[in-house]
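Here's a quick briefing to read with the model open beside you. Grab a viewer and follow along.

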Amino acid sequence: MTHSTTLQSPPATPEILDRCRELVAPALAESIGGLHPWVGEMAGYALGRCEVGGAPAAHRQGKGVRQALAVLGAEAVGGSAETGVPGAVAVELVHTFSLVHDDIMDGDALRRGRPAVWKAYGTGPAVLAGDALFALAVDTLTAAPSTSRSGAAVRQLTTALRDLVRGQADDLLFARRPWTGPDAVGVREYEVMAEHKTGALLGCALAVGAQLAGARGETAAALDRAGRHLGVAFQIADDLLGIWGDPAVTGKPVHGDLRQGKKTLPVLAALAAPGRGALAELLAAPDLLDDTALRRAAALVERAGGRSTALREARRHLAAADTLLAGASLAPRPVGDLRTVLSSLAHRTI
């Protein structure tokens, strides 16, 4: 008798995210279901679960990357996927809270192709909804089954929130600073901001899932650092797309970040290189940046090595994240799934 063996391919990122999202969805719904009905509706709208008025959403919800990282963090240290669910709910609520408040601060009217919460419900109600999401995230972790483990997870979350606020503050202040001169934003300073603003919550998601599953302190710390490196790589990839991305893919106009005068890594690296005069002159007159000038500015950034430097830095941070994963004692299958998601996220292929 002959036996045939079918080798299964490892799951792709969309499959991994779908599995984690389906696992977390009931707990997430139960969590916001305990809010005041009006606040709960706004929270549901912010999460993409419903439309204004409470009708079920007709569009696809967010990818759920952070909640997936919490689930995979729990599995990677030998815990069950279910163990990471409270952490997944908490980080998803905090992420959504940060987006609600970011849209207000930045004046962004749209979020994922729909009116932002503040445009749909008003600024005051949106602030209230964001506050509720934040409070609910902390409450979710404190209610996790193991008090000792949830205590460490709450501390991890509050540390990430502190860093997130610090990164957001630096990002807002960067807009006021000049492109060149002693007060200009440096590349290293930018990367610290990106770690705080973007990486802190990614690292928190991995670490919180692991902590709820009983991981040792050094393992959780390694996962946190890996997520922070990933956050910088992700932010740099976002910067590259903001200048050279395909509008059909990104949903943003070509050269959009240059048009808005954003302090992104490719531009900062180009301005730190020799022969920056022509680029600095263009950026100093933002009102004159028509489409022709924007194309020239993008070409000057690339010629000065801004694009290649940004790509090199993104790869360096992604390699650092991978090294941290390799050095931790993690379960092979979950860490394989984790590497798949991290690579997709850093390369913006999801």
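This is a predicted model: local features need pLDDT of at least 70, side-chain atom pairs count only at pLDDT 80 or more; totals for chains, interfaces and linings use all residues.

Residues are numbered from 1 along each chain as its sequence is written, and side-chain values use heavy atoms, with hydrogens and water left out.

**Aromatic rings**

- Two aromatic pairs turn up, where a pair means rings of Phe, Tyr or Trp (its six-membered ring) with centres within 6.5 Å; planes under 30 degrees apart are stacked, over 60 edge-to-face, and the rest tilted.
- Tyr45 and Tyr121 form an edge-to-face pair, because their ring centres are 5.6 Å apart and their planes sit at 75°.
- That pair ties together distant parts of the chain, 76 residues apart: Tyr45 belongs to helix 2 (residues 37–46) and Tyr121 to helix 5 (residues 117–121). Helices here are DSSP runs (H or I, at least four residues), numbered from the N terminus.
- Both Tyr45 and Tyr121 are buried; buried is under 20% relative accessible area, exposed is over 50%, and partly exposed is in between (1.4 Å probe, protein chains only).

**Charges over rings**

- Arg114 puts its charged end over the ring of Tyr45, 3.9 Å from the centre. The cut-off is NZ of Lys or CZ of Arg within 6 Å of the ring centre and within 35 degrees of the ring normal.
- Over the face of Trp244 you'll find Arg307, 4.6 Å from the ring centre.

**Helix 9 against helix 16**

- The axes of helix 9 (residues 217–244) and helix 16 (residues 332–346) come within 8 Å and cross at roughly 30°. Axes are lines fitted to C-alpha atoms over the stretch in contact, with angles from 0 to 180 degrees between N-to-C directions.
- That crossing makes the two helices roughly parallel (angles under 35 degrees; over 145 is roughly antiparallel, 65 to 115 roughly perpendicular, the rest oblique).
- Contact (heavy atoms within 4.5 Å) involves Leu223, Leu230, Ala233, Phe234 and Ala237 of helix 9, meeting Leu338, Leu342, Leu345 and Ala346 of helix 16.

**Two single residues**

- Ala88, in helix 4 (residues 85–106), is buried at 0% relative accessible area.
- Beyond its neighbours within four places in sequence, Ala88 touches Val24, Gln67, Ala70 and Val71.
- Lys119 sits in helix 5 and is partly exposed, at 48% relative accessible area.
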